[in-house]
Amino acid sequence: MEILLALLLFVVGHFFGAYMFYFFHRYIFHGPLGRYPLLRQWRAIHTSHHKKPNDPGTFFFPWWANLSIWTLAAGLFFIAPAFAIGMGSFFGLYAYRHRAAHVGADTASGRHHRSHHYGKPTANFSGAYPFVDKLFGTYELVPIKIKKP
């Protein structure tokens, strides 16, 4: 029973991470919350990422955001380790898929992310799972040709 509970908490944590990313991306990076003084720097980095999507320097959060996220994760680990590990697993998967999308991965998540960058930045906010955008009504696949080097 404990193993099933841990597995359930892991899965819930993973998809909570996916929702958390969606929320930040839609409402802070592209929405009204990004206008608040504390969040402006975060939004500015994301805006730079849209201007120079292949510049690795625009892939990262400011130090204070990283500190906040990792403090939350560490705190959660002491309360519900499986949930925290699940949430961390989402961000690991997201980092991999995000980079893959920017180097031209011809996958569902790669096409989804490129359609956000190069087609319609007001849609497709989920970084790893297109179904999350379908769930929240922000899915809109815009066909984008992959540029081969």
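The buried residues are Ser109, Gly110, His112, His113, Arg114, Ser115, His116 and His117. They pack against helix 1, helix 2, helix 4 and helix 6. Helices here are DSSP runs (H or I, at least four residues), numbered from the N terminus.

The model is predicted, and local features need pLDDT of at least 70, side-chain atom pairs count only at pLDDT 80 or more, and totals for chains, interfaces and linings use all residues. Residues are numbered from 1 along each chain as its sequence is written, and side-chain values use heavy atoms, with hydrogens and water left out.

Serine 109 has a relative accessible area of 9%, so it counts as buried. Leaving aside residues up to four places away in sequence, serine 109 touches Arg97, Ala128 and Pro130, a contact being heavy atoms within 4.5 Å.

With a relative accessible area of 0%, asparagine 124 is buried. Its phi is near 60°, a positive value in a residue other than glycine.

Phenylalanine 125 sits in that loop too, and it links up with tyrosine 22 in helix 1 (residues 2-29), 103 residues apart. Both of these residues are buried. Rings of Phe, Tyr and Trp (its six-membered ring) pair if their centres lie within 6.5 Å; planes under 30 degrees apart count as stacked, over 60 as edge-to-face and the rest as tilted. By this rule there are 18 aromatic pairs. For tyrosine 22 and phenylalanine 125, the ring centres are 6.1 Å apart and the planes are at 80°, so this pair is edge-to-face. The two also belong to one aromatic cluster, together with Tyr19, Phe23, Phe24, Tyr27, Phe29, Trp42 and Phe136.

The charged end of lysine 134 sits over the ring of tyrosine 139, 4.7 Å from its centre; the rule asks for NZ of Lys or CZ of Arg within 6 Å of the ring centre and within 35 degrees of the ring normal.

Now for helix 3 (residues 63-79). Its 17 residues reach 24 Å from the first C-alpha to the last, close to the 24 Å expected at 1.5 Å a residue, the expected span being 1.5 Å times one less than the number of residues. Trp64, Ala65, Ile69, Ala73 and Leu76 are buried in this helix, and what covers them includes helix 2 (37-51) and helix 4 (81-102). Isoleucine 79, also in helix 3, is exposed, with a relative accessible area of 71%. Its C-alpha atom is separated by 39 Å from that of lysine 120, 41 residues apart along the chain.

Helix 2 and helix 3 pack at an angle of about 105°, with their axes 9 Å apart. Axes are lines fitted to C-alpha atoms, for helices over the stretch in contact, and angles run from 0 to 180 degrees between N-to-C directions. The two helices are therefore roughly perpendicular (65 to 115 degrees; under 35 is roughly parallel, over 145 roughly antiparallel and the rest oblique). Where they meet, Leu38, Leu39, Gln41 and Trp42 in helix 2 face Trp64, Ala65 and Ile69 in helix 3.

Note on methods. Buried means under 20% relative accessible area, exposed over 50%, partly exposed in between (1.4 Å probe, protein chains only).
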